[in-house]
Amino acid sequence: MKMSITERQPFLTKHFAKLIRENKLVHAYLLSGAEGTGKIELAKWIAKGIFCLNSQNGVPCLKCSECNRIENNNHPDVVAIMPDGLSIKVEQIRYLKSEFNKSGVESDRKVFIIQDAQKMSIGAANSLLKFLEEPSGNITAFLLTSEPQKLLPTIISRCQEVEMQQLTSGQLEQELISEGISEKNSHILANLAQSVVEAKKINDNENFNKILATVNNWYRKLLRKDLLSFVMIQSKIIGLIQNKEDQNLVLQVIILTVRDTVLERFGLTEEIVFKENIDFIQQNTAQIANSKLVNGLNLVVESNRKLASNISMQNMLETLTLNLLDCYFK
Ligand SMILES: [Zn+2]
């Protein structure tokens, strides 16, 4: 089951229910947050709270005809626009205004929602600005964006900014499972990504599963003091890397893999990412001192930083392999 918006944004839904109850909504809100944090769901939830026939203390019932019409984008007083192609055009903002000036609409209470507001053309933004400056009637506007820095400052200054809460890794994991990603990969992805969109992108990487398996194999060899781990960098791992994103992914997977040995040592088994390695880690790290395991993790994190300074990926990973062998076994 996909998480509801009240589960995903418990603080903000409570906050807005209170504003609805006390009739304290302002004219314009800027909802900003990463993809998958529920911006459109929150805006619609608030609209439902306003129009719901059975709302309880500002909380919508989600069942009545008004709630249903809003859910299905079919409510005359709740209008949402989104980019038409790459941008939101001035005609779209004009359409919005004309919708709201129509007579015969059901009440003077109106809500409009602009998705990807950072994609407004300059013309559209200026047209909207006039609208925000002279709000006519009882209008509440929601501008949604994942990139607030791309909005005109004059637009931002007309809105009250609301930052969406990031998903916790547990919530993200549940979302990914509900999107049909395997439980095993959802657990790993929730540790690699901040949002559903980012996680899906990693999952869609054709080499993702190979990277997981190969890094795991590499580290198992390394923990057995096997020098093939060094050879594997060139023969198995480098071939899986096609661009900067892959590079970063390999490094993040290495960090999680090496971190697991530290988590295991300190009894934090709940947080271990690759659970299938637990037995192997116990059997093969028993002789390695705590401080060496921690130093090993530091080596990996440092390598991540070195990559920024122009050293090749292969060179960096080979050096890391030798340094880890030294660190653990000397
Ligand atoms: Zn309702």
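Guide: Let's go to Glu-173, which is buried yet has no salt bridge; the nearest side chain of opposite charge belongs to Lys-275, 8.2 Å away. Keep in mind as we go that this is a predicted model. Why does that pair not count as a salt bridge? Because a salt bridge needs a side-chain nitrogen of Lys or Arg within 4 Å of a carboxyl oxygen of Asp or Glu, and Lys-275 is 8.2 Å from Glu-173.

So what does surround this residue? Glu-173 sits in helix α8, which covers residues 169–178. If you set aside the neighbours within four places in sequence, Glu-173 touches Ser-186, His-187 and Ala-190.

You'll find Lys-39 in helix α3, residues 39–51. Its contacts, again leaving out neighbours within four places in sequence, come from several stretches of numbering: Leu-31, Ser-32, Gly-33 and Ala-34, then Leu-144, Thr-145 and Ser-146, and also Met-164.

With those two in mind, let's turn to charged side chains that do pair up. Side chains of opposite charge can pair when their charged atoms come close. In this model the count comes to ten salt bridges.

One of them joins Glu-245 and Lys-201, whose closest N and O atoms are 3.2 Å apart. This pair links distant parts of the chain, since Glu-245 belongs to helix α13 (residues 244–265) and Lys-201 to helix α10 (residues 196–204), 44 residues apart. Lys-201 counts as exposed because its relative accessibility is 51%.

Another salt bridge brings Lys-24 and Glu-22 together, with 3.4 Å between the closest N and O atoms. Lys-24 is exposed, at a relative accessible area of 51%, while Glu-22 is partly exposed, at 34%. Lys-18 comes in here as well: salt bridges with shared partners connect Lys-18, Glu-22 and Lys-24 in one network.

A further example is Glu-147 with Lys-150, whose side chains meet at 3.0 Å, N to O. Here Glu-147 is partly exposed, with a relative accessible area of 25%, and Lys-150 is exposed at 51%.

Next stop, the metal. A zinc ion is held by the SG atoms of Cys-52, Cys-61, Cys-64 and Cys-67, at 2.2 to 2.4 Å. Along the sequence, these donor residues follow the spacing C-x8-C-x2-C-x2-C. The four donor atoms subtend angles of 101 to 121° around the zinc ion, so the arrangement is tetrahedral. Two of these residues, Cys-64 and Cys-67, are buried.

Look at Leu-62 while you're in this stretch. Most residues other than glycine have a negative phi, but Leu-62, which is not a glycine, has a positive phi of about 65°. Leu-62 lies in the loop between α3 and α4 (65–71), and counts as partly exposed because its relative accessibility is 46%.

Lys-225 has a positive phi too, of about 60°, and is likewise not a glycine. Its place is the loop between α11 (208–223) and α12 (228–237). Lys-225 is exposed, with a relative accessible area of 55%.

Phe-280 is part of helix α14, residues 278–285, and counts as buried because its relative accessibility is 10%. Its C-alpha atom is 8.0 Å from that of Arg-220, a residue 60 places away along the chain. Apart from neighbours within four places in sequence, Phe-280 contacts Arg-220, Leu-223 and Arg-224.

Definitions and conventions. Residues numbered from 1 in each chain as written. Predicted model: local features only at pLDDT ≥ 70, side-chain atom pairs only at ≥ 80, totals over all residues. Heavy atoms only, no water. Helix = DSSP H or I, 4+ residues; strand = E, 2+ residues; numbered from the N terminus. Contact = heavy atoms within 4.5 Å. Donors = N, O, S within 2.8 Å, 3.2 Å for Na, K, Ca; no water. Tetrahedral: all angles 85-135°; square planar, octahedral: opposite > 155°, others 65-115°. Buried < 20%, exposed > 50% of the residue type's maximum accessible area, 1.4 Å probe, protein only. Lys, Arg positive; Asp, Glu negative; His and termini not counted.
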